[in-house]
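Dear colleague,

Please find below the structure that I am passing on to you. I ask that you keep it open while you read the notes that follow it.

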Amino acid sequence: MASASSSTLSISSSSTLVDVKAPRQSAAASPQCVTLPTLPPPPVQTQNRPWKTTAYCRKIARNVMAMATGEAPAEVAATELPEIAKTLQEAWDKVEDKYAVTSLAVTGVIAIWGSSGMISAIDRLPLVPGVLEIVGIGYTGWFAYKNLVFKPDREALIQKIKDTYKDVIGSG
C-alpha cells in the first residue's frame, strides 16, 4: 500500500519501515534503528475455526522497525513563530508583576474547572435542568418585554449600556 505511492517510505514484506533515500545499513549496526516489542497474543477462546486465531496472532506479533536519517526536514527547521505568539511574548515582557498575573491565571483555570464540575453535577440531578431551562426562557421573555418591545425602553437600555461601557473603559 505504501510502496505504490510516491512517498519516500516503503513497507517491505517483513513489516519493516524503511527510508528509501537513506543509505542501507544493517539493523544491528545502526545506532538510529529502533525495534518495538511484540504484543502478546489475545486470549484464546474456544472457537470452531482455529485458523482465524492463528492468522490474527501472526498479524499482531510482527515486529516493526523504524530507521531515522538524522536530518531534520526543511519545513520544521525554517518555521517562525506565528503573529499571535509574538504578540503574547511582547505583552508578557511588558508585565511587571509576573507572579500576580500567573497566580490570577491559575486561579481562573481552577475556577472554570470547578464551575464546570458543579454545572455537570447540577445537570445530573433529576428535574433541575428542566426547571432551570423554564426559568431561563421566562426571564428572557420578561427582559425582552420590559426592555426591547417599546422604543423608549430600548433607548433607555442602550443609554444604560453606553454609560456602563464608559464607566468600565473610561471616558478619555
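Trp142 counts as partly exposed, at 46% relative accessibility. On this scale, buried means under 20% relative accessible area, exposed means over 50%, and partly exposed lies in between, with a 1.4 Å probe and protein chains only. Tyr139, with a relative accessible area of 52%, is exposed. Both Tyr139 and Trp142 belong to helix α5 (residues 128-147), where they sit 3 residues apart, about one turn of the helix. An α-helix has 3.6 residues a turn, so residues three or four places apart point the same way.

Please note that this is a predicted model, in which local features need pLDDT of at least 70, side-chain atom pairs count only at pLDDT 80 or more, and totals for chains, interfaces and linings use all residues. Residues are numbered from 1 along each chain as its sequence is written, and side-chain values use heavy atoms, with hydrogens and water left out.

Aromatic pairs

Rings of Phe, Tyr and Trp (its six-membered ring) pair if their centres lie within 6.5 Å; planes under 30 degrees apart count as stacked, over 60 as edge-to-face and the rest as tilted. How many aromatic pairs does this rule give? The count is 3 aromatic pairs. One of them joins Tyr139 and Trp142, a tilted pair with 5.5 Å from centre to centre and 40° between the planes. Ring pairs also link Tyr139, Trp142 and Phe143 into a cluster.

Why is the pair of Tyr145 and Phe150 edge-to-face? The planes of these two rings stand at 75°, with the centres 6.1 Å apart, so Tyr145 and Phe150 form an edge-to-face pair. Tyr145 is exposed, with a relative accessible area of 54%, whereas Phe150 is partly exposed at 44% relative accessibility.

The chain as a whole

The protein chain has 6 helices and 4 strands. Helices (H or I, at least four residues) and strands (E, at least two) are DSSP runs, numbered from the N terminus. Read from the N terminus on, the elements follow the order β-β-β-α-β-α-α-α-α-α. Of the 172 residues of the protein chain, 6% count as buried. The accessible surface comes to about 15,200 Å², and 65% of this belongs to carbon and sulfur atoms. Accessible areas come from the Shrake-Rupley method with a 1.4 Å probe; for residues, only the protein chains shown count as cover.

The predictor's confidence in each residue is its pLDDT, from 0 to 100. The protein chain averages a pLDDT of 75, and 59% of the residues score at least 70. Confidence is highest in α5, at a mean of 94, and lowest in strand β1 (residues 9-11), at 46. Over residues 1-15 the pLDDT is below 50, and this stretch has 22 contacts in the model beyond near neighbours in sequence. Contact here means heavy atoms within 4.5 Å. Where pLDDT is low, the predicted coordinates should not be read in detail.

The annotated spans and the loop between them

An unreviewed UniProt entry lists residues 99-121 and 127-145 under "transmembrane region". Such positions are given in the numbering used here, feature names are shortened, and annotations may be inferred rather than shown by experiment. In the model, residues 99-121 are 100% helix and 0% strand, with end C-alpha atoms 33 Å apart. Residues 127-145 are 95% helix and 0% strand, and their end C-alpha atoms lie 27 Å apart.

Leu127 lies in the loop between α4 (98-124) and α5. Although Leu127 is not a glycine, it has a positive phi of about 70°. Most residues other than glycine have a negative phi. Leu127 is exposed, at 71% relative accessibility.

Leaving aside neighbours within four places in sequence, Asn147 is in contact with Asp153, Arg154 and Leu157. Arg154 is in helix α6 and is partly exposed, at 33% relative accessibility. Not counting residues up to four places away in sequence, Arg154 touches Asn147, Leu148 and Val149.

Just after α6, Gly170 takes a positive phi of about 115°.

Yours sincerely
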